[in-house]
Amino acid sequence: MKLLSEPASAANIQRILEKLDTFNSDPSRGTTRVLFTPVEVAGRSYIKEEMAALGLTVREDAIGNIFAALPGSDPSLAPVWTGSHIDTVLQAGMYDGMAGVVAGLEAVRLIRAAGITPVRTIEVVVYTSEEPTRFGLNCLGSRALAGALTLEDAERLRDEEGRTLAEVLADLGYDLSRFKDIPVARGAVRGAIELHIEQGAVLESLGLPIGLVKTISAPTNFEVSVRGKQSHAGSTPMHLRHDAFLACCEIALELERLAKASSSPDTVGTVGKVEVVPNASNVISGLVHFSIDIRDSDYETKSRLVAGLKEFFREVEARRQVELDIRQINDDLPTHSDPAILALLEGACIKKEIPYHKMVSGAFHDSMMVGRFAPIAMIFVPSKDGISHNPDEFTEYGDIAKGTDILAEALLRMAME
């Protein structure tokens, strides 16, 4: 097989990432680019311009997933995918997700520059809204591709302004009658590789430039409301209180205890969002809304923790005489990388003499959903100080370029099969 003629360009990667970062609704505090806001829509348009400049054929589906194709010589064969997302959490950094999209574009550029026509089509994908920032559910686009998000779901999911995902899509001109065409059948994609920043400090601590992901931990998410009795902080004796906030605290501490006691080293549990009503210093809270995020690389272990937590919910309800309203948002399965694709990535690392480390991803990624219908694998590149979802998030462009060299080699080998 003809080899790639040049290494990935850190300068190209930097140029596109820094330009994409200008599409930002809060530039004084990092990067904020929330799904289908004006800056996110503008960012989409910019990425599509970069795709077209590479001579790629660009299309979108009914939920806004973007596909840019480098045609193969045999269009009847299942294509090879790479890509990530361009939306962010609030006040984030400029690398999470975006690095994978830009690496995909650079990998395709390298293949074109080498004068190689792959047998299979290679597609760079921008998945719609990996972050749950606007509609409270992660991986909207890749869920839809996996058949796990339907038009009925899109008509149910609402943002903080009360607008449904379906309404927003329709207003932007997406054809909801094509929603049924989004799901991808098993076998319709040969394989998918996603490059991503690590969002942790493992690679940096090991002094290694590349991580090869064995398993993606999957989340189970709840939205919980505790209804107690709002009353005066001074005149209500402790034994007569029905404090919603303390019930929330007790549940959070039990979640921590269960996670620490887990048999899996990858179990984590988080209460990350809390809204206390009325949120006044001299009032016992009568209502609290909070989130629960539980993740693990082992589904059975995660399920046992969830069952234990649900039992504790009932104990707290009875003991504190409060009412709990518990809504489970999702219960996702961990995703294991395909051994054959991992072997390709390892081979590329060895060939290029780039040291690597096999590891678990604690963060979820679109590959978790893509893995439901196609073989997947992921490449991690280091995050400085392990920081992500933060304006201080930083990855060396040279490290992204090294990851892109591995990505391009593996994509080309899959696309020539």
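The questions and answers below cover selected residues, strands and helices of a predicted model.

Visitor: What kind of model is this, and how are residues numbered?
Guide: This is a predicted model in which local features need pLDDT of at least 70 and side-chain atom pairs count only at pLDDT 80 or more, while totals for chains, interfaces and linings use all residues. Side-chain values use heavy atoms, with hydrogens and water left out, and residues are numbered from 1 along each chain as its sequence is written.

Visitor: Is Ser361 buried or exposed?
Guide: Ser361 is found in strand 15, residues 356-361; helices (H or I, at least four residues) and strands (E, at least two) are DSSP runs, numbered from the N terminus. Buried means under 20% relative accessible area, exposed over 50% and partly exposed in between, with a 1.4 Å probe and protein chains only. Because its relative accessibility is 1%, Ser361 counts as buried.

Visitor: With which side chain does the side chain of Ser361 make a polar contact?
Guide: A polar contact is a pair of N or O atoms within 3.5 Å; within protein, one must be able to donate a hydrogen and the other to accept it, and residues adjacent in sequence count only if both atoms are side-chain atoms. A polar atom of the Ser361 side chain lies 2.7 Å from the backbone oxygen of Ala363. At 3.0 Å, the side-chain partner of Ser361 is His365.

Visitor: Why is strand 7 largely enclosed by the rest of the structure?
Guide: Strand 7 (residues 218-227) pairs in the antiparallel sense with strand 12 (residues 287-296) over ten bridges and with strand 13 (residues 323-331) over eight bridges; two strands pair if DSSP finds at least two bridges between them. Strand 7 is largely enclosed because, of its ten residues, the number buried is eight.

Visitor: Which residue of strand 13 stands opposite Glu223?
Guide: On the strand 12 side, Thr220 stands opposite Ile294. In strand 13, the residue opposite Glu223 is Arg327.

Visitor: What span should helix 8 have, at 1.5 Å a residue?
Guide: Helix 8 has 18 residues, and the expected span is 1.5 Å times one less than the number of residues.

Visitor: Which residue caps the N-terminal end of helix 8?
Guide: A side-chain oxygen of the capping residue lies 2.9 Å from the backbone nitrogen of Phe245. That residue is Asp243.

Visitor: Which residues does Glu250 touch, not counting those up to four places away in sequence?
Guide: Glu250 lies in helix 8 (residues 244-261) and counts as buried because its relative accessibility is 18%. Its C-alpha is 9.6 Å from that of Phe313, although Glu250 and Phe313 are 63 residues apart in sequence. With contact meaning heavy atoms within 4.5 Å, Glu250 touches Phe312, Val316, Arg319 and Arg320.

Visitor: Is Gln321 buried or exposed?
Guide: Gln321 lies in the loop between helix 9 and strand 13, and its phi is near 55°, a positive value in a residue other than glycine. Because its relative accessibility is 56%, Gln321 counts as exposed.
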